[in-house]
Amino acid sequence: VTTSISSLFPARFLEVQHCRLRGEQGGAANPIVPTGPYVFCSLPSQAKHSEQHEGHLYTIPLEEVKAVLPHGLPHRFQRQIKTFNETCIMVRKPALELFTYLKNSNFAHPVVRYVIYGERGTGKTMTLCHVVHFCARQGWLVLHIPDAHLWVKNCKELMQSSYNKERLDQPLQASFWLRNFRTTNESFLKEIKTQQKYVWGKRDSTEQGRPLGEVVEQGLTRVKNASDVVGVVLKEIKQQCCLGSFRVLVAVDGVNALWGRTTLKKEDKSPVSPEELTLVYNLRKMMMNNWSGGAVVTTLSQTGSLFKPSSAHLPHELLGKEGFDALDPFVPILVPNYTEREFESCYHYYLHCRWLQHEKARTEDGKEELRFLSGCNPGQLERLSAPL
Amino acid sequence: MAAAVGWGAFGSGRWPALARCCWRAEVAAYFSAPAASSPEAQQREGEGGPARSATLPPGMRLNPGRAWLRVVGPSGRVGSSACRLPPFGLGLCLSQQIPNFLHLTPPAIKKHCAALRDFCTEWPSALDSDEKCEQHFPVEIETVDYVSAGTSIRNPKARIVTLRVSSTLGKQLPLFLKTSFVYEFFRCPLRRQNYDYGIHLLTVLYHESWKTETWESEKTEEDMEEYIWENSSSQRNALDTLLQIKATENVSNVTKEELLASEVVRNYRNSVIALKNEGETESNISQYKESVKKLLNIQALP
């Protein structure tokens, strides 16, 4: 794969003619005819997204999706991509807010942690993916952990770490993540060089000054070293981005898993606490703000979390005391349900894609019924529209 | 007077004394109350009066135009010299006499109250709000008196004494009384005993709370009743971050004390304390967000 993410992909323009942009003169080659309800149109560059674009959807070419977000999108959304044969993300206020913060942040200062929270189904993961795509387009190195909960439950193989006897390795999860990391950040792996020698075993070692890609290959071929490789990758990136040659975005979905409880058990049936897992231990170090030159954007997720009630969605509830104190001071960003405009936009998009087949769905009454039943909750709306 | 003696036999205590006062007051009121008769009342009595009084014995004959209340007296019981009707409770043993005024009519009760007013004092005008009452009298005793339609004034629930200590007192005292304090005492059979026990308990707790045990020095963060920001991890994180920021801007010799005294840090401190102590609400979280943005100097303008 030779495509490089750092060059800007031209966005694919849709044939749709219904579009109304208030006050916008249009981007480079946007076929805008200001008639009809504001459905959506594709926008030239994410960097120009602003409040005027709120409620609009924009598409990402499928190749780009595979490269930038191989494992980040929610499961139902991935099925939607397959069905519609396009990836359409709505531009919403929380994402726009994050873009302004990221654009204005001072990269000499310690990293700022942003925590996206909200009720179930409001679009936190989608917002995170939007931010990931934005940063990838801008040429940042993206460390995307799609679901931290997967690292603290249902791990088939747990091995004692060779580096530190107290800790436990998870080779399968680590190698899976490394593979996706390699896909996302191909170009950086050639540029970043190791700053010290790493010895993996009796015969394997990586010298100082070798590209980081070699370290990643080592982890993928010798799966039992994969967790330590992840640790090394994180450490190198953290050390080198302070120098300013590249920016790093650490995007973690379900960050509350790092400070909760696990359902894993050691061989003597005693429970494993999160800091005893190598992956979690190293990721926690990345969440500290003792480095600079990037940003940390995380989401809190109750779905998939362990030992948390289903109504919990506020930061302190899900993070617990330990997590809150570790991330403090952070900027909490709330993702609410759809506004009127966003709901209209989504509804018209489903109509356009002929996803809503029911004859009543096209009527005003049908729209109101959908609005009422879903409560303007994006996840609910998507589930309701599926059988229609 | 037999009735008065009977009341006295109940023993010393508030109720019999009050009943005696009532008796004397009602007699006094009875003799001093003017003859209230509205034209309708007179008419009514006028119609019923002659017909009825013709059949009654002479002592019971009524004059029309005479208020009924003046005949039977404000209590419904007959004053001994007002009418020759036999007293209502005459001949009944003490256990059958009604020890309350529940059977009275509202005007009769009004007359009672008017008579009692002479024995009452005014509510102090300076205590015109709940807060002032709490401030000057932080310890409140609540007791309940029970009235029933039977002949007995006893009720086992009447022995319960509730002690309420408001939080204004607590501010000068050690931690246990920082919040307001309500306790019910009901274990003793008499109200007076429960009251004495309550006051005694309060005194003992007060004195005990000033003592410090050796193990109290081992108190950890989890044991704290409320969140204290000083020396917490939140303070450490904030100071570390700010020092790092200052270092990147080449601003040296900024001391921790200066940082702690600065407005952004004070703001941040208040928002964290509110979040931890009061729990999370939308307003708390947005306040926290604003304070963090100011602390870390995050610009929101595009």
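**Exercise 1. Is A:Lys269 buried or exposed?**

Solution. The structure is a predicted model, and the values below are computed from it.

Step 1. Locate the residue: A:Lys269 sits in the loop between β11 (248-253) and α9 (278-287) of chain A.

Step 2. Apply the cut-off, which is over 50% relative accessible area for an exposed residue. A:Lys269 has a relative accessibility of 66%, so this lysine counts as exposed.

Step 3. Check the backbone. Most residues other than glycine have a negative phi. A:Lys269 is not a glycine, yet its phi is positive, at about 65 degrees.

**Exercise 2. Find where A:Arg354 lies, and state its phi and its exposure.**

Solution. 

Step 1. A:Arg354 belongs to the loop between α11 and α12 (364-374) of chain A.

Step 2. Its phi is positive, about 55 degrees, although A:Arg354 is not a glycine.

Step 3. With a relative accessibility of 60%, A:Arg354 counts as exposed.

**Exercise 3. Describe the peptide bond that joins A:Asp328 and A:Pro329.**

Solution. 

Step 1. Most peptide bonds are trans.

Step 2. The bond between A:Asp328 and A:Pro329 is cis, with omega at about -10 degrees.

Step 3. A:Pro329 is in the loop between α10 (315-327) and β13 (330-334) of chain A.

**Exercise 4. Describe how helices α11 and α13 of chain A pack.**

Solution. 

Step 1. Two packed helices are described by the angle between their axes and the distance between the axes. For α11 (residues 340-352) and α13 (residues 378-385) of chain A, the angle is about 25 degrees and the axes are 12 Å apart.

Step 2. Angles under 35 degrees count as roughly parallel, so α11(A) is roughly parallel to α13(A).

Step 3. The crossing of α11(A) and α13(A) is right-handed.

Step 4. A:Phe343, A:Cys346 and A:Tyr350 of α11(A) make the contact with A:Leu381, A:Glu382 and A:Ser385 of α13(A). By class, the residues of this contact are four nonpolar, one polar and one charged.

**Exercise 5. Which residues have the most contacts inside the largest nonpolar core?**

Solution. 

Step 1. The largest nonpolar core has 115 residues, and A:Tyr114, A:Leu143 and A:Ile237 have the most contacts inside it.

Step 2. Take A:Leu143 and leave aside neighbours within four places in sequence. Among the residues in contact with A:Leu143 are A:Trp177, A:Phe181, A:Leu234, A:Ile237, A:Val250 and A:Met286.

Step 3. A second, separate core has 16 residues, including A:Phe84, A:Tyr338, A:Leu351 and A:Leu370.

**Exercise 6. Describe the surroundings of A:Val296.**

Solution. 

Step 1. A:Val296 lies in strand β12 (residues 294-299) of chain A.

Step 2. Because its relative accessibility is 0%, A:Val296 counts as buried.

Step 3. Not counting residues up to four places away in sequence, A:Val296 touches A:Val111, A:Val112, A:Arg113, A:Tyr114, A:Val250, A:Met286, A:Met287 and A:Trp291.

Step 4. A:Phe330 is 34 residues from A:Val296 in sequence, and the C-alpha to C-alpha distance is 9.6 Å.

**Exercise 7. With which residues is B:Lys289 in contact, leaving aside its neighbours within four places in sequence?**

Solution. 

Step 1. B:Lys289 is in helix α12 (residues 282-295) of chain B.

Step 2. Buried means under 20% relative accessible area. The value for B:Lys289 is 13%, so this lysine is buried.

Step 3. Its contacts are A:Glu97, A:Tyr101, A:Val331, A:Pro332 and A:Ile333.

Key
Residues numbered from 1 in each chain as written. Chains lettered and ligands numbered in written order. Predicted model: local features only at pLDDT ≥ 70, side-chain atom pairs only at ≥ 80, totals over all residues. Heavy atoms only, no water. Axes fitted to C-alpha atoms, helices over the stretch in contact; angles between N-to-C directions. Helix = DSSP H or I, 4+ residues; strand = E, 2+ residues; numbered from the N terminus. Parallel < 35°, antiparallel > 145°, perpendicular 65-115°, else oblique. Left-handed = near helix turned anticlockwise from the far one by under 90°. Contact = heavy atoms within 4.5 Å. Nonpolar A, V, L, I, M, F, W, Y, C, P; charged D, E, K, R; others polar. Core = buried A, V, L, I, M, F, W, Y, C linked by side-chain atoms within 4.5 Å. Buried < 20%, exposed > 50% of the residue type's maximum accessible area, 1.4 Å probe, protein only.
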